[in-house]
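Subject: Structure handover

Hello,

Here is the structure I promised you. Please open it alongside this note; my findings follow below.

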Amino acid sequence: KDYGISYEDGRKIVDYCRKAKGYDQQLILQAAQEVYPEIAPYLFLNLTTGLGYDRMGKIPMQRKDFQGYRRKTIETYYRYMVLNGKRIV
């Protein structure tokens, strides 16, 4: 809701990320790099595989902060998809 996306729509976007291939995965990584370059690999891994914060190793921030950047990455990726004419929700 922080970015104008409902919880249900957020779930749909995350489900889409899990199934993403090729160019869609590139957009996810690009969104993660735009949001926070230092943790972009962790954000990408989380969104494309579902691997949780605790299972990814040493992320240089607290869980709550990571989740905030994850939400911002989801919003940024959704914006990219809209710009490309591929509405997910």
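Helix 1, helix 2 and helix 4 are among the elements that cover the buried residues of helix 3. Those buried residues are A40, L43, N46, L47 and T48. Buried means under 20% relative accessible area, exposed means over 50%, and partly exposed lies in between (1.4 Å probe, protein chains only). Helices are DSSP runs of H or I with at least four residues, strands are runs of E with at least two, and both are numbered from the N terminus.

Before the details, some ground rules. This is a predicted model, where local features need pLDDT of at least 70 and side-chain atom pairs count only at pLDDT 80 or more, while totals for chains, interfaces and linings use all residues. Residues are numbered from 1 along each chain as its sequence is written, and side-chain values use heavy atoms, with hydrogens and water left out.

Packing around helix 3

Start with helix 4. Helix 3 (residues 40–49) and helix 4 (residues 63–83) have axes that come within 10 Å and cross at roughly 70°. Axes are lines fitted to C-alpha atoms, for helices over the stretch in contact, and angles run from 0 to 180 degrees between N-to-C directions. Helix 3 is therefore roughly perpendicular to helix 4. Angles of 65 to 115 degrees count as roughly perpendicular, under 35 as roughly parallel, over 145 as roughly antiparallel, and the rest as oblique. Helix 3 contributes Y42, L43, N46 and L47 to the contact, and helix 4 contributes F66, Y69, R70, T73 and I74. Contact means heavy atoms within 4.5 Å. By class, six residues here are nonpolar, two polar and one charged. Ala, Val, Leu, Ile, Met, Phe, Trp, Tyr, Cys and Pro count as nonpolar, Asp, Glu, Lys and Arg as charged, and the others, Gly among them, as polar.

Next, helix 2. Helix 2 (residues 23–35) packs on helix 3 at about 140°, with the axes 8 Å apart. The two are therefore oblique to each other. Q25, I28, L29, A32 and Q33 of helix 2 meet A40, L43, F44, L47 and T48 of helix 3. That contact has seven nonpolar, three polar and no charged residues.

Then helix 1. Its axis lies 6 Å from that of helix 3, at an angle of about 95°. So helix 1 is roughly perpendicular to helix 3. V14, C17 and R18 of helix 1 face N46, L47, T48 and T49 of helix 3 in this contact. Three of the residues are nonpolar, three polar and one charged.

Just after helix 3, G50 takes a positive phi of about 85°.

The cores

The largest nonpolar core has 15 residues, and I13, C17, I28, L47, Y77 and I88 touch the most other members. A nonpolar core is a set of buried Ala, Val, Leu, Ile, Met, Phe, Trp, Tyr and Cys residues joined through side-chain atoms within 4.5 Å. Helix 4 gives the largest share of this core, five residues. Leaving out residues up to four places away in sequence, Y77 touches I13, Y16, C17, D24, L27, I28, A31 and I88. A second, separate core of nine residues includes I39, M56, I59 and M61.

A31 and Y77

A31 lies in helix 2. A31 is buried, at a relative accessible area of 0%. The C-alpha atoms of A31 and Y77 are 5.4 Å apart, although 46 residues separate the two along the chain.

Best wishes
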